[in-house]
Amino acid sequence: MRRDKSAADDYIAAMNKAFPRPLPDSIGATVDLLAEANYLADRSLGTVLYLALKMGRPIFLEGEAGVGKTEIAKVLSASLGRRLIRLQCYEGLDVAAAVYEWNYAAQMIAIRVAEAGGEHDRGRLEHDVFSERFLIKRPLLQALEPDTAGAPVLLIDEIDRTDEAFEAFLLEVLGDFQITIPEMGTVKAGQPPIVVITSNRTREVHDALKRRCLYHWVGYPTAERELAIVRTKVPGVSKKLSEQVVAFVQALRKQDLFKSPGVAETLDWAGALSELDVVALDPATVSDTLGVLLKYQDDIARLEGSKVKEMLDEVKSELRAAE
Ligand SMILES: Nc1ncnc2c1ncn2[C@@H]1O[C@H](COP(=O)(O)OP(=O)(O)OP(=O)(O)O)[C@@H](O)[C@H]1O
Ligand SMILES: [Mg+2]
């Protein structure tokens, strides 16, 4: 789906080339910083972010799918001109994938070549193959390295997908921003990275980890803010259609659904309707495009029959009343 992604990515690339910016000095400046990269935050998010940046603490963002958690780290990196380092979490994520790994194949070749060249000093060989040249740095280690553009933004995405052992390890890293590589020594960040941790809350993350962070629940936006988001991110859609789209999605979220649509779905839907040259919502169009908004058959089935028309009539009469 052609949406905001490519524009956001271009923006991030452009901004990353720019000079690093100082951290915002007020809540308002933090909200403005995000707005520069088209992220429309409410004041409570602005406050927590401002404090996290000011106090040098990780920010822990929890919320439903598609409400804009990951995007916060992306726009922070873009607006501050910092490098974005992303650690995507999954079940079974281990130190080799998250921190570092030795390049065994290259080490073996180096040893063979050295031996063929008559090198038999074991101590020296060992020293050589356990040097930085053979170290594959993964996101957590990369985030501790010095960067002329300032400390990077470290996004630890969807931490609820990892297991508790990894969480405990992370706790250590976030505690003192250092990692010990037994063969080489300790790597310590001169300037701690800006850490953004996200969770979809498929399980509770341990209190000890949360305690080190500032917490924010990213909820669904109000209708007013969601409309502003649609208008910013899908500019080709008329004001009238945007209003109907947002009002319908907001009404959907009040239904008893297994999975309510997030902002991502609202943007997708607005984009899809625009591709179809729709100028105003009607029951048939809504029914035909429900798959953009709802991803579970049970939820779609719940809206079958006259339900869509009923909701749409209500939405339209509310919009008329508000005019
Ligand atoms: N306040 C906002 N301002 C601008 N865009 C937003 C806002 N909230 C969400 N979006 C947009 O919604 C989309 C989804 O955001 P994102 O991928 O960050 O969600 P998420 O919470 O990380 O979802 P998931 O849990 O599925 O990973 C993005 O395109 C993002 O730009
Ligand atoms: Mg995400």
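Two strands are taken as paired if DSSP finds at least two bridges between them. Helices (H or I, at least four residues) and strands (E, at least two) are DSSP runs, numbered from the N terminus. The model is predicted: local features need pLDDT of at least 70, side-chain atom pairs count only at pLDDT 80 or more, and totals for chains, interfaces and linings use all residues. Residues are numbered from 1 along each chain as its sequence is written, while chains are lettered from A and ligands numbered from 1 in the order in which they are written.

An open sheet is formed by 5 strands, in the order S2-S5-S8-S1-S9. The pairing is parallel. Strand S2 (84–88) and strand S9 (214–218) are the edge strands, each pairing on one side only. From one strand to the next, the twist averages 20°. Strand S1 (residues 59–63) pairs with S9 over 5 bridges, in the parallel sense. Phe60 has Tyr215 of S9 as its bridge partner.

Helix H3 (residues 43–55) lies across S1, strand S8 (194–199) and S9. Its direction is at about 155° to S9. Axes are lines fitted to C-alpha atoms, for helices over the stretch in contact, and angles run from 0 to 180 degrees between N-to-C directions. Helix H2 (residues 27–36) packs with H3 at an angle of about 105°, the axes being 8 Å apart. H2 and H3 are therefore roughly perpendicular (65 to 115 degrees). Ile27, Thr30 and Val31 of H2 meet Arg43, Gly46, Thr47, Leu49 and Tyr50 of H3; contact requires C-beta atoms, placed from the backbone, within 7 Å.

Domain bounds come from an automatic or database domain assignment. This gives domain 1 (5–90 + 138–218), domain 2 (100–134) and domain 3 (223–322). The centres of domain 2 and domain 3, taken over C-alpha atoms, are separated by 60 Å.

Ligand 1 is surrounded by 21 residues (C-beta atom, placed from the backbone, within 6 Å). The closest are Gly68, Lys69, Thr70, Glu71 and Ala264. Helix H4 (69–80), helix H11 (223–233) and helix H13 (263–275) each supply at least two residues of this shell. Domain 1 and domain 3 both give residues to the shell, so ligand 1 lies between them.

Technical notes
Contact = placed C-beta atoms within 7 Å. Parallel < 35°, antiparallel > 145°, perpendicular 65-115°, else oblique.
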